[in-house]
Amino acid sequence: MDFVAIDFETANAKRNSACSLAAISVADGTIAREAYSLIRPPEMRFDAKNIDIHGITPQMVAEKPTFDQLWDRIRLHLEGQWVLAHNAAFDISVLRNMLETYALPLPQMQHLCTVKLARRVWPGLASYRLSALADQFGIQFCHHNALQDARTCAQIVLLAQQEAGVATLPELSRCTGVKPKAFN
């Protein structure tokens, strides 16, 4: 099973305010690579609510690279991949908005939401929040840390694959009926 799990944290409610990004590359069903970066958002406006959630402050990112400075390295890991995120609508919209803000090309990739996969693989759970699924499966992590959230997302996909008894992400997609979306 090969895919990339991603997670963004944002400075404020705007989807183009990414202040951290993590990507976990899974190859042959094993976490092969982890990448994490703090990001200086295009506008240095942080909402107290967001800081309370993830703990990232303007001072922590003031000297960090901007998204466009990181894009060439990030794109290498997303191009041609299945990209997964927990509540993908949020993370994929952050990616799209960051790319639009900096007028960067869209990567050729497909994306899936692990919330949708989890609902199909484990129907009837009380909650499908990332923290609830982590508790359900004994995964310890620090929620709203992009690296740990992306790693937990990847672990949930691997558990779903085992539960469904399939070998590949396309097979998991087919057997659950959760179809990938093209990023365009």
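1. H3 crosses H4 in a left-handed manner. Left-handed means that the near helix is turned anticlockwise from the far one by less than a right angle; clockwise would be right-handed. Helices (H or I, at least four residues) and strands (E, at least two) are DSSP runs, numbered from the N terminus. This is a predicted model: local features need pLDDT of at least 70, side-chain atom pairs count only at pLDDT 80 or more, and totals for chains, interfaces and linings use all residues. Residues are numbered from 1 along each chain as its sequence is written, and side-chain values use heavy atoms, with hydrogens and water left out.

2. Now the geometry of that pair. Two packed helices are described by the angle between their axes and the distance between the axes. The axes of H3 and H4 cross at roughly 130 degrees and come within 11 Å. H3 is therefore oblique to H4. Axes are lines fitted to C-alpha atoms, for helices over the stretch in contact, and angles run from 0 to 180 degrees between N-to-C directions. Under 35 degrees counts as roughly parallel, over 145 as roughly antiparallel, 65 to 115 as roughly perpendicular, and the rest as oblique.

3. Which residues of H3 and H4 meet? From H3 come Phe67, Trp71 and Leu78; from H4 come Leu95, Met98 and Leu99. Contact means heavy atoms within 4.5 Å. The residues of this contact divide into 6 nonpolar, no polar and no charged. Here Ala, Val, Leu, Ile, Met, Phe, Trp, Tyr, Cys and Pro count as nonpolar, Asp, Glu, Lys and Arg as charged, and the others, Gly among them, as polar.

4. Turn to H6 (residues 130-137) and H7 (residues 146-164). They pack at an angle of about 55 degrees, with axes 10 Å apart. H6 and H7 are therefore oblique to each other. H6 passes H7 in a left-handed crossing. H6 supplies Leu130, Leu133, Ala134 and Phe137 to the contact, and H7 supplies Asp149, Thr152, Cys153, Ile156 and Leu159. That gives 7 nonpolar, 1 polar and 1 charged residue.

5. Look next at threonine 66. It sits in the loop between helix H2 (58-61) and helix H3 (67-78). Is threonine 66 buried or exposed? Threonine 66 is buried, because its relative accessible area is 10%. Buried means under 20% relative accessible area, exposed over 50%, and partly exposed in between (1.4 Å probe, protein chains only). Its side chain makes a polar contact of 2.3 Å with the side chain of aspartate 68. A polar contact is a pair of N or O atoms within 3.5 Å; within protein, one must be able to donate a hydrogen and the other to accept it, and residues adjacent in sequence count only if both atoms are side-chain atoms. Not counting residues up to four places away in sequence, threonine 66 touches Ile39, Arg40 and Tyr102.

6. The loop between strand E1 (3-10) and strand E2 (18-27) holds asparagine 16. Serine 17 is also in the loop between E1 and E2. Asparagine 16 has a relative accessible area of 22%, so it is partly exposed. Serine 17 has 2%, so it is buried.

7. What do these two residues touch? Leaving aside neighbours within four places in sequence, asparagine 16 is in contact with Pro42, Asn97, Met98 and Thr101. The side chains of asparagine 16 and threonine 101 are joined by a polar contact of 3.1 Å. With neighbours within four places again left aside, serine 17 contacts Glu9, Thr10, Ala11, Asn12, Pro41 and Met98. The serine 17 side chain also reaches the backbone oxygen of lysine 14 at 2.7 Å.

8. Finally, check phi. Most residues other than glycine have a negative phi, and most peptide bonds are trans. Asparagine 87 has a positive phi, near 65 degrees. Asparagine 87 lies in the loop between strand E4 (82-85) and helix H4 (88-101), and at 42% relative accessibility it counts as partly exposed. Alanine 103 also has a positive phi, near 50 degrees. Alanine 103 is in the loop between H4 and strand E5 (110-113), and at 67% relative accessibility it counts as exposed.
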